[in-house]
Amino acid sequence: MKAFKRFSASVAVLLLAACSGSTEDVQLTLCKQLAGDLVFGDYQKSDWLAEDMQFKGYDDLEVIVRYKSESGEGETRCYYAYDTTDENAMNLANPATAYATYPSKVTQDGIVLESMMWAKKINEIMLKQGKEAIKVPMEKVSETVEQVKMKLQE
């Protein structure tokens with residue numbers, strides 16, 4: 001019974017640790033990954049010239065990602081609709097939580113992109129993110145199970 005309690009506690013700690021990832025706002029992460037995929041064919045591109053989030057009250061949140069490519073400097077802008085019915089402490093602590101997590105409009109170097117084009121890419125990115133989010137905790141759980149098995153056999 002004592003081993004089971006230790007095992008349960010270990011699994012809980014590992015899951016919490018594995019789930020506590022980046023503190024970057026989801027809108028910024030998604031816009032950066034979309035820009036990386038659109039421009040570089042790599043949704044995980046990580047070296048940007050600049051990134052900015054402009055909060056405009058009840059208007060769209062504007063996320064701006066600037067980059068340098070072979071053809072020069074450019075930018076991708078993602079717009080997220082205000083999407084909360086009741087404002088609360090969470091919105092005050094992190095204003096991005098009051099906005100949708102899926103963009104309503106995307107521009108590339110000032111040109112509005114067709115939603116079907118970027119929506120498909122975002123869905124692919126989100127699918128990859130989901131698989132990656134599950135992978136690490138599952139690996140940690142498997143490692144812990146193996147460690148517990150070894151301890152129980154001792």
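Aspartate 37 is buried, at 14% relative accessible area; buried stands for under 20% relative accessible area, exposed for over 50%, and partly exposed for the range in between, using a 1.4 Å probe and protein chains only. This is a predicted model, in which local features need pLDDT of at least 70, side-chain atom pairs count only at pLDDT 80 or more, and totals for chains, interfaces and linings use all residues. Residues are numbered from 1 along each chain as its sequence is written, and side-chain values use heavy atoms, leaving out hydrogens and water.

The side chain of aspartate 37 meets that of lysine 121 in a salt bridge, with 3.2 Å from N to O. Here a salt bridge is a side-chain nitrogen of Lys or Arg within 4 Å of a carboxyl oxygen of Asp or Glu. Side chains of opposite charge can pair when their charged atoms come close. This pair links distant parts of the chain, 84 residues apart: lysine 121 belongs to helix α4 (residues 115–153) and aspartate 37 to helix α2 (residues 26–40). Helices (H or I, at least four residues) and strands (E, at least two) are DSSP runs, numbered from the N terminus. Lysine 121 is partly exposed, with 24% relative accessibility.

The whole structure holds 8 salt bridges. One of them joins lysine 56 to glutamate 62, where the closest N and O atoms are 2.5 Å apart. Glutamate 62 is buried at 5% relative accessible area, while lysine 56 is partly exposed at 37%. Another salt bridge pairs glutamate 75 with arginine 66, with 3.2 Å between the closest N and O atoms. In this pair glutamate 75 counts as buried at 17%, and arginine 66 is partly exposed at 32%.

The cysteine link comes next. A disulfide is taken as a pair of cysteine sulfur atoms within 2.5 Å, and the count by this rule is 1. The disulfide joins cysteine 31 to cysteine 78, with an S to S distance of 2.2 Å. Cysteine 31 is buried, with a relative accessible area of 0%, and cysteine 78 is buried with a value of 0%.
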